[in-house]
Amino acid sequence: FLLDLGGLAYMFGFYGYNATWWFMSCIIMLYLLYPLLWYRGGTDFLLIVLAMSIIISLFHLPFLTPIRYYLMTFIVGMIFASTNLLSRINLTSSTQRGAIFLLFVVCVFVRNALGSFSMQFDTIICIVGIILYSNIGIKNKLCQNSLEFIGRHSMNIFLFHTFVYYYYFRELIYAPRNPILIFLLLLGICLIVSVLIEKIKGLCHFYQLESYLRNLRN
């Protein structure tokens, strides 16, 4: 119980009460590694660590299980941040953006066909997806507001959606028997739950406490 409460369960080889909370063990380990990686050296050092992370992903090392597939993406993010690489990639024409979109779709299909090596390919999908997202502007205001609203609740939804579609309300969620309707129903229910969670956090002054702790740390 204490390991699960502290987000450490997956470090010890089990998921705990909710399988989705594997992420907590993963992000805690990455946060602990971050200062060592960031202050140790520049881009050359990160490239060496990236090569090592690719090798790590090919083997099952129990103590590195939580970050086995995600250290690569984390290091790529650090390289992007340290070199400001993303701002240099400008897709100025619709042809270029279309080509990147096509590459993204191809990457998804390749990922599905890779079988046991599919997780390693997620980093490539992530890179292509970020480049595509950063170069495509959404001008429709309703679409912008909708995506921003979902984005504000996305972390909450990630952490509790397994309770909704798997543990407690499986029959309800899958009742439409249509993948699109199932997705929309799940998203709608999760958004409602997330809004309620945010209301409770507001009543508990959660964000004031978070701000106080951040200022105390700084």
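I take helices (H or I, at least four residues) and strands (E, at least two) as DSSP runs, numbered from the N terminus.

**Entry 1: basis.** I note that this is a predicted model, in which local features need pLDDT of at least 70 and side-chain atom pairs count only at pLDDT 80 or more, while totals for chains, interfaces and linings use all residues. Residues are numbered from 1 along each chain as its sequence is written, and side-chain values use heavy atoms, with hydrogens and water left out.

**Entry 2: the chain.** I looked up the elements and found 11 helices and 0 strands. Of the 218 residues, 28% count as buried; buried means under 20% relative accessible area, exposed over 50%, and partly exposed in between (1.4 Å probe, protein chains only).

**Entry 3: a nonpolar patch.** I looked up the surface and recorded a nonpolar patch of about 920 Å² of accessible area together, whose residues include Ile 55, Phe 59, Leu 102 and Phe 117. Patches are made of residues with over 30% relative accessible area and no salt bridge; like charges are joined within 9 Å, nonpolar side chains (Val, Leu, Ile, Met, Phe, Trp, Tyr) within 5 Å. A salt bridge is a side-chain nitrogen of Lys or Arg within 4 Å of a carboxyl oxygen of Asp or Glu. Accessible areas come from the Shrake-Rupley method with a 1.4 Å probe, and for residues only the protein chains shown count as cover. Helix α6 (residues 94-113) gives the most to this patch, with 3 residues. Phe 59 lies in the loop between α3 (43-57) and α4 (71-83) and is partly exposed, at a relative accessible area of 48%.

**Entry 4: helix α7.** I listed the buried residues of α7, among them Phe 121, Ile 125, Val 128 and Leu 132. Their cover includes α3, α4, α5 (85-88) and α6.

**Entry 5: aromatic pairs.** I found 14 aromatic pairs. Rings of Phe, Tyr and Trp (its six-membered ring) pair if their centres lie within 6.5 Å; planes under 30 degrees apart count as stacked, over 60 as edge-to-face and the rest as tilted. The rings of Phe 23 and Phe 158 have centres 5.5 Å apart and planes at 85°, so I class this pair as edge-to-face. The pair links distant parts of the chain, with Phe 23 in helix α2 (residues 22-40) and Phe 158 in helix α8 (residues 141-168), 135 residues apart. For Tyr 34 and Trp 38, the centres are 5.9 Å apart and the planes at 20°, so this pair is stacked. Tyr 34 and Trp 38 are 4 residues apart in helix α2, about one helical turn.

Terms used: Contact = heavy atoms within 4.5 Å.
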